[in-house]
Amino acid sequence: MENAAAMVDQLVRQMYGFEPTLIEELAGYDNLNYKIKTSDDQQFVFKINEGDGQKQFEAESRILNLLAQKYPGKFQNAVPTKDGQDSFLFEGKTCRMLSWLDGDFLANEDHSALLLSSFGSLMAHMDKTLLEIDDTVIKARRIEWDVQHVLELKPKLKSITDPEVRKLVDYYLLQFKEAVLPELPNLRKCIIHNDANDWNILVNQGAVSGIIDFGDVVYAPLIQEVAVALTYVMTEKKLPLESALPFLTIYHKILPLEVKEIDLLYYFIAGRVCLSLIQSFDAIQQGTADDYTLISQKPIISLLKQWIAISPEKASNDFKNALGFEVPAKTDYEVELKRRHLHIGRVLSVSYQQPIKMKRAAFQYMFDADGNTYLDAYNNIPHVGHQHPRVVEAGLRQMAMLNTNTRYIYDQLASYAEKLLAKFPEPLNKVFFVNSGSEASDLAIRIAHNFTNNSRVAVLEHGYHGNTRMGINISHYKFGGKGGRGPKNFITTLPLPDEYRGAQQNGDRSVGEAYAHEAVSMLDKTGDPLAAFIAEPIVGCGGQVPLAEGYLKALYPEIRKRGGLCISDEVQTGFGRMGSHFWGFEMHGVVPDMVVLGKPMGNGHPMGAVVTTDEIADAFNNGMEFFSSFGGNPVSCAIGMAVLDVIEEEQLQQNALKTGNYFMDELRKLQKEFRQIGDVRGSGLFIGIDLVTDPQSREPNTQLAQYLKNKLRESFILVSTDGPYDNVIKMKPP
């Protein structure tokens with residue numbers, strides 16, 4: 001340090017003719033900075049940068065000198081050497097001197113509305129001047145801190161070691177690509193400061209008094225300048241959008257922004273946050289992170305997590321309202337429903353008393369057309385989160401390369417089958433791909449009929465297995481409900497083994513064994529051999545009812561004795577949702593003969609599958625070809641593979657266990673307080689709350705369930721209801 005100070009002292013004396021009385025090292029990101037005091041009480045900043053960047057620094061000096069002349073005391077100016085140069089080379093490094101500006105950093109001040117207004121005012125005046133400058137050196141400059149080029153940093157994503165942060169950054173890179181990239185040629189561009197973080201903004205007497213450090217100056221969209229400043233204005237604020245308005249309103253008053261700029265401001269802010277995090281994680285990985293990098297990372301991560309819960313429409317509308325722009329009218333649901341019913345049959349119902357027009361979604365959030373954010377505690381199809389970038393990009397890449405049917409050989413089919421089947425115990429080692437859980441259920445029954453040469457199928461009360469004709473035939477929820485025509489003559493409906501509401505509550509056997517014994521008696525009365533027994537490990541339409549413990553273990557052997565195959569419908573329970581196990585049947589200590597898969601396989605992309613054994617699959621090869629035009633196509637396989645990768649990398653099964661246990665513990669605390677909560681049940685993130693009018697009689701409280709569902713919707717939380725009395729609040733979130 002002493003040698004460095006001595007070197008600086010010598011250079012300042014030799015090149016500028018000053019006699020330093022103080023040389024104090026200052027913080028710097030990628031250069032060395034020294035505060036210099038001279039014998040005649042002048043103060044300067046002496047800067048040493050790696051490499052020969054004299055052309056760049058000369059351009060920066062031209063900008064600084066112009067701003068310092070127009071706004072005295074607000075900007076540093078370049079101090080020329082004795083021979084009139086703005087910079088000079090020393091041992092391969094570029095050295096220069098700037099004037100000193102007094103003030104404290106905005107980072108150390110309370111961000112009052114008045115202070116942020118003064119910040120916006122000075123930034124707007126500066127940018128208004130910069131709009132008029134044309135500098136070819138700056139225009140040609142490319143740096144890694146330029147938000148418009150943030151997508152070029154995607155290869156560094158792997159340096160983000162936190163999978164939660166990585167997926168959010170990845171999501172916003174994808175959104176930037178879709179929303180901003182096509183509009184870049186249409187945006188106003190100019191020279192911008194590009195780094196108005198709160199350590200580069202000076203404050204004196206309660207107002208912003210200066211802007212320093214033009215080291216990241218670039219030629220970029222004007223709105224990028226605003227976005228960078230607002231990123232740091234909003235950091236560590238409870239209400240980020242509100243905190244941005246004092247800066248934004250005064251900026252717009254001085255330098256009016258355009259509508260298309262306001263619409264993209266949300267994405268540019270996200271871009272700056274992502275750029276900062278990629279760079280900071282990369283610096284940590286490379287071992288080059290300084291104290292500022294480490295300190296600033298945590299609040300930026302916090303802002304990222306706040307930002308994902310805000311929709312682009314909400315941000316744009318709030319900004320437009322504040323600036324006096326017209327905002328879109330609120331959704332007219334009478335018009336929307338009239339349009340829907342004009343072309344869509346009314347049998348396709350909508351959720352909630354007041355329906356919702358959805359616009360977009362991200363992970364656990366859904367956003368309506370008016371910009372409202374909903375916490376999605378209901379939709380179990382986007383298993384790894386709405387619009388997960390890994391899944392989206394897997395589909396996009398494969399769709400751009402090849403999509404065909406299974407009559408051809410392609411790597412994706414075998415690779416996905418291998419990865420999926422690795423999740424199953426022996427002897428489940430063959431898979432047939434289709435396009436939905438309904439198709440899979442239909443196919444499973446077809447395979448069972450073929451293998452056993454029997455017709456009778458045993459199903460559970462309130463079970464649901466799809467909307468095909470066979471799916472309805474084996475779904476008591478459908479054939480026994482409104483509009484249903486009763487069971488076909490080959491169907492036997494077994495009582496739901498419900499430990500809370502069921503009839504089998506006492507006796508020598510366990511509840512599960514008692515139900516299994518009852519089921520066997522019913523099957524034997526038919527006098528028919530069995531083709532199959534199909535059941536979900538937790539019966540969703542029955543009211544999120546876990547099958548009683550011991551039921552499957554006692555019943556499966558009896559089904560097989562009677563010639564039948566055991567089918568586990570894992571459309572809703574599979575892929576780690578149970579937390580404790582990857583598949584629901586594993587909780588019961590059994591291995592089925594076939595497993596039906598659907599919903600979560602493709603995170604919203606239509607996929608389904610039947611997993612079975614060699615013996616059963618070989619028997620199905622009976623001369624009648626099985627073929628699905630889209631089942632197992634390369635795009636579906638790529639998406640399915642991405643879903644499995646995300647579950648593993650983000651430890652989502654463990655998350656389901658931890659979060660689900662916490663959630664049910666809290667619900668059971670409420671149960672002790674409110675007698676209307678009759679039962680809290682489920683596993684992992686598959687949860688049901690059985691509401692009753694009286695805990696003794698257990699009379700279903702349908703009215704309360706509907707009230708709560710709609711009240712939660714008004715509070716922007718999405719849940720639904722189920723069960724034969726529609727009195728069970730169901731939650732199966734992403």
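**Briefing on the predicted model**

The protein chain holds 22 helices and 28 strands, taken as DSSP runs (H or I of at least four residues for helices, E of at least two for strands) numbered from the N terminus. This is a predicted model, in which local features need pLDDT of at least 70 and side-chain atom pairs count only at pLDDT 80 or more, while totals for chains, interfaces and linings use all residues. Residues are numbered from 1 along each chain as its sequence is written, and side-chain values use heavy atoms, with hydrogens and water left out.

**The chain as a whole**

- Along its principal axes, the C-alpha trace of the protein chain spans about 110 × 55 × 50 Å.
- Of the 734 residues in the protein chain, 54% are buried (buried is under 20% relative accessible area, exposed is over 50%, and partly exposed is in between, using a 1.4 Å probe and protein chains only).
- Take the contacts in the protein chain with a separation of 6 or more: 72% of them join residues 24 or more positions apart. Contact here means heavy atoms within 4.5 Å.
- Accessible areas come from the Shrake-Rupley method with a 1.4 Å probe, and for residues only the protein chains shown count as cover.
- On the charge side, there are 74 positive and 92 negative side chains, with the centres of the two sets 6 Å apart. Lys and Arg count as positive and Asp and Glu as negative, leaving out His and the chain ends; each charge is placed at NZ of Lys, CZ of Arg, CG of Asp or CD of Glu.

**A nonpolar patch on the surface**

- Ile 344, Val 347 and Leu 348 make up a nonpolar patch on the surface, with about 310 Å² of accessible area together.
- To join a patch, residues need over 30% relative accessible area and no salt bridge; like charges are joined within 9 Å, and nonpolar side chains (Val, Leu, Ile, Met, Phe, Trp, Tyr) within 5 Å. A salt bridge is a side-chain nitrogen of Lys or Arg within 4 Å of a carboxyl oxygen of Asp or Glu.
- Ile 344 sits in the loop between helix H11 (333-343) and strand E12 (358-362), and Ile 344 counts as partly exposed because its relative accessibility is 36%.

- Most residues other than glycine have a negative phi, and most peptide bonds are trans.
- The peptide bond from Glu 426 to Pro 427 is cis, with omega near 5 degrees; Pro 427 is in the loop between helix H13 (411-421) and strand E15 (428-434).
- His 462 isn't a glycine, yet has a positive phi of about 70 degrees. His 462 lies in the loop between strand E16 (456-460) and helix H15 (469-473), and counts as buried because its relative accessible area is 16%.
- Phe 575, also not a glycine, has a positive phi of about 65 degrees. You'll find Phe 575 in the loop between strand E21 (565-569) and strand E22 (594-597), buried at 2% relative accessible area.

**Two buried helix residues**

- Asn 710 lies in helix H22 (residues 702-714) and is buried, with a relative accessible area of 6%. Neighbours within four places in sequence aside, Asn 710 is in contact with Tyr 352 and Gln 353.
- Leu 523 belongs to helix H17 (residues 511-526) and is buried at 4% relative accessible area. Setting aside neighbours within four places in sequence, Leu 523 is in contact with Ala 458, Thr 492, Leu 494, Leu 530 and Ile 559.
- Leu 523 and Ala 440 are 83 residues apart in sequence, and C-alpha to C-alpha they are 25 Å apart in space.
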